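Here are some friendly notes to read with the model open beside you. The points start with the chain as a whole and then turn to single elements and residues.

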Amino acid sequence: MPTNSKKSNRTSSNPKLARLFEEAQRYHGANKYAEAANFYHQCLQIDPDHADSLHYLGIIAHQTGDSSTATALLEHAHAIANDDIDILLNLGIILGAQQRF
């Protein structure tokens, strides 16, 4: 199962984005995936390249059985934040679950 333990530090320059991301994380941590996804999408309306929102939408896609969407979202997040080890770890977990080595 992918990890969902990181708080974003990429939202600090935009207080509204930070609040939305925090709400998304709260719902995600409570396994309320639809609500969390809604907040992640709101983050992406503010910043379409918000790697953390793409990352966690990918995790939600995986957790709800949509592995192809999960892979696409995590690959997009990795392209934006290629130094983020959590994104790469979760991408590897999801690719491994698909037996794509």
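1. Contact here means heavy atoms within 4.5 Å. Among contacts in the protein chain between residues at least 6 apart in sequence, 53% join residues at least 24 apart. Please keep in mind that this is a predicted model, in which local features need pLDDT of at least 70 and side-chain atom pairs count only at pLDDT 80 or more, while totals for chains, interfaces and linings use all residues. Residues are numbered from 1 along each chain as its sequence is written, and side-chain values use heavy atoms, with hydrogens and water left out.

2. Helices (H or I, at least four residues) and strands (E, at least two) are DSSP runs, numbered from the N terminus.

3. On burial, 41% of the 101 residues in the protein chain are buried. Buried means under 20% relative accessible area, exposed over 50%, and partly exposed in between (1.4 Å probe, protein chains only). The chain exposes about 5,500 Å², of which carbon and sulfur atoms supply 51%; these areas come from the Shrake-Rupley method with a 1.4 Å probe, and for residues only the protein chains shown count as cover.

4. The largest nonpolar core has 26 residues, and Tyr40, Leu57 and Ile87 touch the most other members. Helix 1, helix 2, helix 3, helix 4 and helix 5 each give two or more residues to this core, with helix 3 giving the most, 7 residues. A nonpolar core is a set of buried Ala, Val, Leu, Ile, Met, Phe, Trp, Tyr and Cys residues joined through side-chain atoms within 4.5 Å.

5. Two residues are worth a look for their partners, leaving aside neighbours within four places in sequence. Leu57 is then in contact with Ala37, Tyr40, His41, Leu44 and Leu73. His55, found in helix 3, counts as buried because its relative accessibility is 0%. Leaving aside its own neighbours within four places, His55 is in contact with Leu74, Ala77, Asp86, Ile87 and Asn90.

6. Which residues of helix 5 are buried? They are Ile87, Asn90, Leu91, Ile94 and Leu95. These residues cover an arc of only 135° around the axis, so they sit on the same side of helix 5; the arc is that of the directions from the helix axis to the C-beta atoms. Their cover includes helix 3 (51–63) and helix 4 (67–80). The face turned away from the buried side carries the exposed residues Ile85 and Ala97.

7. The geometry of helix 5 (residues 85–97) also checks out: its 13 residues should span 18 Å at 1.5 Å a residue, and its end C-alpha atoms are 18 Å apart, which agrees. The expected span is 1.5 Å times one less than the number of residues. At the N-terminal end, Asp84 caps helix 5, with a side-chain oxygen 2.9 Å from the backbone nitrogen of Asp86.

8. Finally, some backbone angles to inspect. Most residues other than glycine have a negative phi. Asn31, in the loop between helix 1 (15–29) and helix 2 (33–46), has a positive phi near 60°. Gln99, in the segment after helix 5, has a positive phi of about 55° although it is not a glycine. Asn31 is exposed, with a relative accessible area of 52%, and Gln99 is exposed at 64%.

How values were computed: A polar contact is a pair of N or O atoms within 3.5 Å; within protein, one must be able to donate a hydrogen and the other to accept it, and residues adjacent in sequence count only if both atoms are side-chain atoms.
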